[in-house]
Amino acid sequence: MADFFSSKNFKNSLWNLADIFTYPVIFLLSTPFFIDGLGAKAFGVWMLVNSLMIAMQVLNLGLGNATFKHMASHSALNDHTQMNATLNTNFSLSILLHLVCILAGGLLAFGIQQFSFFNIEPSFIALAAKGALLGGVLVGFKFYEQLIGYTFKALERFDLDTMLSTGLKIVVLIVNIVLVKMGHGLTSLLINNILLSFVSILIGLLIIKFQIPTFRFQFQLNKTFIRKELKFAIWPWFQTLAIVLTFQCDRFFVVSFIGLSTLTYYGLVATIFNHIHMGFNGIAPWLAPKITKLKTQGKDTRDLYLSARNFILLLALTALLLFNLLNEPILSLFLSKEKYMQAADYIKCFTLFEVFFVFSIIPNYFLNAAGYEKLYFKIVVFYCVSILSGMLLGYYFTHTATGIIIGMALSTAITMLFQNGMINQWVFKARNPLETLALFTPAIIIGVAIWLDAPFIKYSFVALGFLSIYFVYTRYFKINFQLLKLD
């Protein structure tokens, strides 16, 4: 285990976690300031614009994933010609896609103004329309940032990605605070984001030039190279399309049928848990290039998959159990007691959802990197359709935002069980229902602990949750830390 903690993989994970968690912690600290400075409903518009931007990111056609995979493969062979071709092709395609995003933002702005998209309150229609248009401009810049970040990760320079990405986010946040303090509104904040994003892209390209001295940007749309990039990118893109549309639907549903005021706190908690999931996801970003290299060399990857899966579940479920115990005093300190109380039910329900959604992390890395993109797309469609159905049923029976999340959580629990069975049967050619039951036992126990309020029973299940995590993921399944080291 000591070797693992001193390995490059562990250090890369720490850099990735620093990138993922530094900004949301600072943003959470400043959230009360933004809610009070912009107003609760204007902050709700900001949450809506963020959701629109996330939804528009599906227009990137999976080029980030293609860059990650191909740059890792070419780097392993030290093939600078192919590395340059990958970068130039994907940057050139992204320029075209950026124009599509601007058009999409314009169409959304027109729809908000003329056709009452999202049922926005009349006094906030103009602001929401401007936000949608500027969001379309900004999201295109995120495509270039993603290509740069995935290039650094493929080269196993997670430190460079973290320093550039986190540095940009912190500067954007600081300037936004200053703008709000000076009396500026949401429009000024979005324009600031656009300008600073452009500067960070220029810096990123200069750093890539230092890492790959032969790199020189050229607008390049060679059919052979485009076909190569899209051949891999298309299936991860379909996966992303399904996931993004599914997990933004709840916010659009909330703002359209429940209102901006509800979206303010629902969107805030959803954003917090988005970053929590990204944090868990960021523990093992090194897995994809390792799997790709092992597959290229014709080596077996099953033991690495199992050890990575068990390690992530050990950390993630322990963290969620602790979060369930400690979130009230910590978040009350950040948000204020009054704002926490408005978010408390959403926090409880999203914690339950995340307990089961963490089971999707390692299959995503592994199946895409190991050449099972089509299989994973089928799995993603299966659980996205199930989760959408759960959302609708939750709202149908409760007509509340919490009902939507409960529906998501229950359907996720069921579909993750099926996902594990599909991978065992179709990839590893094995069937073991008892093993699947053991794998999910800690999550079920933790889910009960989260839901219960009676102190004695709740803490009994919390203690049982910690014991089950230890025995299932370290004694029954075990973790091979030498494999996780794998430098």
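Ile 120 touches Leu 48, Ile 112, Ile 125, Ala 128, Val 255 and Leu 260 when residues up to four places away in sequence are not counted, contact being taken as heavy atoms within 4.5 Å. The structure is a predicted model, in which local features need pLDDT of at least 70 and side-chain atom pairs count only at pLDDT 80 or more, while totals for chains, interfaces and linings use all residues. Residues are numbered from 1 along each chain as its sequence is written, and side-chain values use heavy atoms, with hydrogens and water left out.

Ile 120 also stands out in the largest nonpolar core: of its 156 residues, Ile 120, Phe 350, Phe 359 and Tyr 473 touch the most other members. Helix α6 (residues 125–154) gives the most to this core, with 15 residues. Such a core is a set of buried Ala, Val, Leu, Ile, Met, Phe, Trp, Tyr and Cys residues joined through side-chain atoms within 4.5 Å. Buried means under 20% relative accessible area, exposed over 50%, and partly exposed in between (1.4 Å probe, protein chains only). Helices here are DSSP runs (H or I, at least four residues), numbered from the N terminus.

Phe 350 turns up again where two helices pack. The axes of α10 (residues 260–281) and α13 (residues 337–357) come within 9 Å and cross at roughly 35 degrees; these axes are lines fitted to C-alpha atoms over the stretch in contact, with angles from 0 to 180 degrees between N-to-C directions. Residues of α10 including Tyr 265, Val 269, Phe 273 and Phe 280 meet residues of α13, among them Tyr 346, Ile 347, Phe 350 and Phe 357. By class, the contact of α10 with α13 has 12 nonpolar, four polar and two charged residues. For this count, Ala, Val, Leu, Ile, Met, Phe, Trp, Tyr, Cys and Pro are nonpolar, Asp, Glu, Lys and Arg are charged, and the others, Gly among them, are polar.

Gly 105 is buried, with a relative accessible area of 0%, and its contacts beyond four places in sequence are Met 56, Ala 132, Leu 133 and Gly 136. Gly 105 and Met 53 lie 52 residues apart in sequence, yet 8.8 Å apart in space, C-alpha to C-alpha. Asn 88 counts as buried at 3% relative accessibility; setting aside neighbours within four places, Asn 88 is in contact with Phe 215, Arg 216, Phe 217, Gln 218 and Gln 220.

Helix α15 (residues 373–398) includes Glu 373, which counts as buried at 13% relative accessibility. Beyond four places in sequence, the contacts of Glu 373 are Phe 232, Trp 235, Pro 236, Gln 239, Leu 367 and Asn 368. The 26 residues of α15 should span 38 Å at 1.5 Å a residue, in agreement with the 37 Å between its end C-alpha atoms; the expected span is 1.5 Å times one less than the number of residues.

Backbone angles deserve a brief look as well. Most residues other than glycine have a negative phi. Just after α15, however, His 399 takes a positive phi of about 55 degrees; His 399 is exposed, with a relative accessible area of 54%. Ser 116 likewise has a positive phi, near 55 degrees. Ser 116 is found in the loop between α5 and α6 and is partly exposed, at 47% relative accessible area.
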